[in-house]
Amino acid sequence: MLDIERVSLECEFNNLDHRTDLNGVDRLIVRRGQAFSISLYLRPGTSYEPGTSALTCVAETGPQPSEEYGTRAVFGLSPNIDTSCWSAAVTSPPGDMVALSLCASPQAPIGRYTLRLGSSAEVKLILLYNPWCSGDDVYMERKEDLEEYILAQDGLIYRGDRKFFWGSPWSYGQFESGILDACLRILDMNPKCLRNPGKDHSGRRNPVYVCRVLSAMVNCDDDHGVLRGNWSNDFSGGESPMFWRGSVDILRRWTSSSCAPVKYGQCWVFAAVACTGQTSPSVFNSVLLCLIYTFKSNTSPNCAVFRNYHCWVEGWMTRPDLKNPDFNGWQAFDATPQERSDRVYCCGPVPVRAIKEGMLTAKYDAPYVYAEVNADLVFYLQKDDGFKKKIINSTMVGQKISTKRVGSDQREDITHLYKYPEGSVEEREAFKRAGHQNKLLKEPEQGAGLKLSIKVSENMEKGCDFDVFALVSNETDSEKECRLLFLSRVVSYTGVLGENCGFKDLLKVVLPPGGERKVPLKLNYSKYGPELTQDNLIRLAALLQDYTTGNVYLTMRTIVLTNPEIRVRILGEPKENRKLAAEISLKNPLPQPLDMCCFSIEGANLTGGTVLTESLGHSVAPGEEAKAKIYFTPSHSGLRKLVVNFNSSQLCNVQGYKNVIIGK
């Protein structure tokens, strides 16, 4: 047996080769299914001799390592490295220094390992999934996708209304100091690990298992999870979900508080932190999605409660458990605590293809995800005599499913990956497989009749007065006399309605055959401003009653008020380890002064994983600019996103970002 005096893990070379160097080079972090090299320095008087020298290697993970569970591997020297299993081979000539090449099985559990080299040496390493390895369940072929879904440290989260949405910047920060350890701690703190650590560590070979654990652990409803949800408007004792601009601060707060849940999160925060969790310890490919118009359901494809949008995550992996190659690829999962699955608040992963085909027996939680993108929206109109009329909208839910486009900041609409085109034969076949009776029984839209829609102004900026319009048209050959109610109320993204901010009731609207009428409604800042939530949303509703037939028509629209633009200018030559300044400005759009103004910035590899702030010591008058200069020092080269935020007593959570190319 080789008598080893010391070992050099060659962390700088190996971590760079395994694309983990941004996690640091002070320890060995490698990927399964890919060889890495270490140097063994033998004791004086001993040397390596091919064919004579021997070495037994033992790799172990978890508190109860077992060959049966796959958490312990014993292997010796081979002539060559075998990337399909744990293996070791000497790549140096005879002598007192041995270059040893090792490789972990592409099916090995991920996590922290102890590697014993004979009886005289022991080293530590961290093993991750390997999307660059064709033998790994998370293998992804395209280089552009790997750059986007594994190596990119920031992204955009789309929110808003189906006719107006925007991308909010988010710093995932998976390579920032302490984040890999935080994500591994998430796995160690999950109840399955606490109950049976040996079985849990064995399960970590399977990205489906890890995905399911992550979905449960990002929320804290059943465990020592990361975030506590809060869908009220009272965020005392914590931060508003709108406060967060990145995952790093959240994960560091969680680890530094002995895994006490961080307050507070809503769907996009849960999704973004889960996205960091995927790209850090599990390192299977991830994408964050936004669905415009969704709901909270009870696993019934026909039941929904209205909500403006929802965010969840996808992970890329094979699904050998489903025995259908069409189900390999993107898997949807959701960390927002909405329903229990196997008695735990988690959701997925479920193949996106299964959702599109209406195959609701596919694991996991296919009925729920199917409902998120296909449910009908049902309203009840109650008359003075107590009679209720049901009004169904079958097309509003599941529109504009969006994610960031690979390699750019443009939005990509991927609704077609979840749903067939409206009215197509394929869509009807999917409905049959899903048993979606409401959709199958839907009657074709009638041709001529009364039509009702809502139109809005082009510029609807927060702080301004503007008009919205109800458009009524008569497509019949007879005169129509109607009543029109046109109203507006502030609303949160969860659908909770606030106070009225504009109302009009026209008892007699006369429309000649083929006639049209455009009814304006003025929305004044003095009325909507004090009631507006941080979501900047106003719900518009128009209700039309045909006196002749008694028919009632309803249309609704949620509008998004835009915040002022944050302008950012970088001062200095952007190079790593060089101090730069971000010159930031914002024009006050409100008819009142802004008090207690504060700018903040953060960015992966730009601000050291911290949020840097600069407060203004004065008020900003209407029409004037708030200005600040914040200094930061980039730590690594590459394209980085500097996330900027502005807050004041009157204007909160204004977001912006600046792409910065950092040179070496």
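Predicted model: local features only at pLDDT ≥ 70, side-chain atom pairs only at ≥ 80, totals over all residues.
Which residues of strand S6 (residues 87-90) point one way, and which the other way?

**View 1. Strand S6 and its side chains.** Ser87 and Ala89 point one way from the strand, while Ala88 and Val90 point the other way. Whichever way they point, all of these residues are buried.

**View 2. The hairpin of S6 and S7.** Strand S7 (residues 97-103) pairs with S6 in the antiparallel sense, over 4 bridges. Between the two strands of the hairpin come 6 residues. Gly95 in the turn has a positive phi of about 160 degrees.

**View 3. Aromatic rings around Trp86.** The model has 14 aromatic pairs. One of them joins Trp86 and Tyr113: the ring centres are 5.5 Å apart and the planes stand at 50 degrees, so this pair is tilted, being neither under 30 degrees (stacked) nor over 60 (edge-to-face). Trp86 lies in the loop between strand S5 (72-75) and S6, and Tyr113 lies in strand S8 (residues 111-117), so the pair ties together parts that are 27 residues apart in sequence. Trp86 has a relative accessible area of 16% and is buried. Tyr113 counts as buried too, at 3% relative accessibility. Together with Phe75, Trp86 and Tyr113 form one aromatic cluster.

**View 4. The pair of Phe466 and Tyr528.** Here the ring centres of Phe466 and Tyr528 are 6.0 Å apart and the planes are at 55 degrees, so this pair is tilted. Phe466 belongs to strand S25 (residues 466-474) and Tyr528 to helix H14 (residues 525-528), so the contact ties together parts that are 62 residues apart in sequence. Is Phe466 buried or exposed? With a relative accessible area of 4%, Phe466 is buried. Tyr528, at 0% relative accessibility, also counts as buried.

**View 5. Charges over tyrosine rings.** Arg212 has its charged end over the ring of Tyr364, at 4.2 Å from the ring centre. In the other example, the charged end of Lys356 sits over the ring of Tyr420, 4.6 Å from its centre.

**View 6. The domains of the chain.** The domain assignment gives domain 1 (4-128), domain 2 (143-404), domain 3 (444-560) and domain 4 (566-662). How many Å separate the centres of domain 1 and domain 4? Taken over C-alpha atoms, the separation of these two centres is 45 Å.

Conventions:
Residues numbered from 1 in each chain as written. Heavy atoms only, no water. Buried < 20%, exposed > 50% of the residue type's maximum accessible area, 1.4 Å probe, protein only. Pairing = 2+ DSSP bridges. Domains from an automatic or database assignment. Phe/Tyr/Trp six-rings, centres within 6.5 Å; stacked < 30°, edge-to-face > 60°. Lys NZ or Arg CZ within 6 Å of the ring centre and 35° of its normal.
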